[in-house]
Each structure stands twice: as structure tokens, then as C-alpha cells.
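My notes are kept in the order in which I checked things.

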Amino acid sequence: MALVNIFMPKLGEGIMEATVLRWHKKPGEWVKMDETLLEIATDKVDTEVPSTAEGTLEEVLCKENDVIAIGSVIAKIRTQATLETETVQSTPSYSPPPIQVDNAETTENIVPAVPYQPLQHEVGYNPNAARFYSPLVMNIAASEGIDFNELSAIQGTGNEGRVTKKDVLNYLEKRNSTSTPVSQVSNTPILSQQVPQVQVQQAPPAPAETAKVDVDHFSPSDNVEIIEMDRMRKMIAEHMTRSLDTSAHVTSFAEADVTNLVKWREKIKGTFEKREGEKITYTPIFIEAIVKSIKQFPLLNASVVGDKILLKKDINIGMATALPNGNLIVPVIKNADQLSTIGLVKQVNRLANNARDGKLQPADTQNGTFTFTNIGTFGSLMGTPIINQPQVAILAVGAIKKKPVVIESEKGDSIAIRHMMFVSMSYDHRIIDGGLGSKFLAAFVKALESFDINSNF
């Protein structure tokens, strides 16, 4: 018999840790190959971790709500295979490390199931050497104005002294609760771990700490129900608040005549579903129009780090999706500019269905460069959406309504019933001025209004 290590799996680029939500198995229970062992959560999505071995769960090495580094051993499974017949479970790109013998069990062996291969080279912990910081930690530090000297002073609780997201958030909570200046030493921006040369403005003062309410003083006569936020709602609240603290939000509005688009969809939706096996919504068409507009005005497809603008070459469109529990998630259509209308329809439907069924993978919510949200689904005419950091713009469309509209032509003006829709876009005024934002919005509206009703899909 042998003991097999179960590792916290690699969950996608930039994800360095995950939170244990719930164990599906207890020590002593039998676990089948690929059976769900536990549920974990990252900053973006919840997912299940399947077992990479079959046998009895010998030991669980972490508790629920623990934050675990990718590649850490989280459990041990005792298999019925002997060492000679044991097959090491690993992905083709990994090369298994040497088998380790457990000194406490002289006749049995520890066989690693899925050896961990880091996403990038990690610098070993040394107080006098450069430290490794995950992309998530770097992003939080940049948005909160934490310079390198300040970041290096944070006590790390991760593997080999690595600074985790929790460490940074705890540090910010303590920093925000005091009036002591953030840093007296350096203003080096966190652009990468190799560029500590450019001087930027001193980090802005931390916002006032949110007033804390003592819920214990409420009595039944107050007629107040206290509802605890779930984990995802807490993350959304933190993300939205941080976005408003980071970007200089401004919102522009426009109105689009989408009559041709509405008539085209009504004409082809039956044929499309029969031929492609997919229902066609307006979302893929809106995303096509966004892609066209980004190609005209690429600065909308960027992010800001310190005083540097990072212009993104990939066009990855996030689409805000409402979940059955009322929360929101933003799956991302990667390389949307390289997809046909049919390709966009299939991607939109796949991601939306997986989001509602809880089947999104962590990689499905990463690397977005621009976000689209359809608030018209719930009957809203227009809104002022909050930018999805670290992006610089988010576009919202309202409900499509029939309205009497003045039509201008060479023969004169006339009034006709048209399908009209309000469009709003919030953008980061640090790099996008009103003129550019309005031009982008006008290009989006033009793409919709010039839609060819005789277009083939």
C-alpha cells in the first residue's frame, strides 16, 4: 500500500492561492479517481477539485476557510496499489520528482500524485534578496499606492515568507485605521519586479474607514433583519469600492436605433437555432460592435499602473452575468476579435450557462480587457456602471423600447415607430477624456445602426 499526496492544483495564470470552501470527503472515507474531493475559491470563481488517486482518505492537511498556496499538499490518500504497481498520476507536461519515503512508515511510501510546476520562477525567501510577489498582490499594491519599500516591509505568512493577498489586506486595514503617513521613503511604482526607477506621486491618503455598526444593540422591536454577506458578495463589495477609489469615473450616454438589428434577429433566430443548435441573443452582436469600436479607439482597451498606460493587444471582452443567487460574475470571451458571429454566439452561451450552473473554471474569468453589461435584461433603460478593475471602461446597454422617432430624409422629416436603446459607458478619466469616450460611444452606436438587415450569419 502507498500514501499519495494530493496537491492544490494549478488554476490558471496569475492565481497563486485558493481558499478551501468545503471538503466533500472525511478522513477514513473511500475516494474514487476523479471524484470531487473538495471545493475551493479564488478571487474570481468557485470550483471543485477532483481526486487524482483512488483509495482511503488518510489525512486532510487544511481546514475550511484556509488560504492555501498553489502546489501545496492538501491531503493524503492511501491506495491499495503497491509501490511496484503504483502509477504516478501526472499531467504530460510534468516530470515527477523522486519518490519520498515516510520515515514513520518503514514499509510504505509517499507517492506524489500531481507534482507542482510553478507558473513562473519563484525567488526563494531571503530577507536580503528580492522577494517574489504574485500578480494579485502586485495589482492590489499598485491600486492602493503601496510602493516597493512599503511592500517589502509587510510580514509574509505564505510559503517561505511570501506575501499573500490576506497579508496585504490586513496591512491595508491597519494602515487605514491610523493617521500615520503611508511611506516616508520611496515612491517607486509597482509596474514589474524589475523596473524600480520611475518616480511617481506620493500615494493618496487612505479613505476614511467605513463606519462599523454594532449589530448586537438591535432588538426585535427595531424590526431589523440582519443578513450576513456571503463570500462572493463580500468580494464584489470590496472590488466595487476599490474601483471607485482607483479610477476617476465619468459616464457618457447615447441612444441607438436598433430597428434593423431587432428585425434581423427575429427573421433568422429560428433558422439559426435549427442549424447551429444555439439560441442567438443580442449580446454577441453588441460584442461585435464593441470589438469594431476598440479597433478604432484602442486606448479603451488598456489599464493604468502608476503613471504608465498598458495598451492591451488582445481584445478579451468580459460580459457581466447574473447568477441565480443574485450575485454577479464576469466570464471573459478571449480574443473576441478573432471570432465570427457564430463563434461569439457559442462562446457567449457556453460561458453564460456555465456561470449559472456553477461550472466556470478560474481561467474563464481572467485577463479581461473591456467589460460589457446588459442592464436592459432587467428592464432598466440606462445606468452608470462601475469599471471592472484594472480595465479603464465598461459599456452598458438598456432595454430596447419602441418609440416614435423623427426620421430625417431628403424628402423631409417624418415620424416612425422605431426600436430604440440607451447606451452608457463609464470610463477612467485619468487617461480617457470626454471627447475620446464620446467618439467611442458614437462608433458603437453607428455599428449598431448600420447593421445590415440582409446579413448572413
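The entries below go from strands to surface to helix.

**Ground rules.** I am working with a predicted model, in which local features need pLDDT of at least 70 and side-chain atom pairs count only at pLDDT 80 or more, while totals for chains, interfaces and linings use all residues. I number residues from 1 along each chain as its sequence is written, and side-chain values use heavy atoms, with hydrogens and water left out.

**Strands.** I took helices (H or I, at least four residues) and strands (E, at least two) as DSSP runs, numbered from the N terminus, and I called two strands paired if DSSP finds at least two bridges between them. I found β4 (residues 36-41) antiparallel to β2 (residues 17-23), joined by four bridges, with isoleucine 40 as the bridge partner of valine 20. I also found β4 paired with β5 (residues 46-50) in the antiparallel sense over five bridges, where alanine 41 has aspartate 46 as its bridge partner.

**Methionine 382.** I located methionine 382 in the loop between β17 (370-374) and β18 (393-397), and noted a relative accessible area of 41%, which I class as partly exposed because that term covers values between buried (under 20%) and exposed (over 50%), with a 1.4 Å probe and protein chains only.

**Helix α8.** I listed its buried residues, among them Phe440, Leu441 and Phe444.
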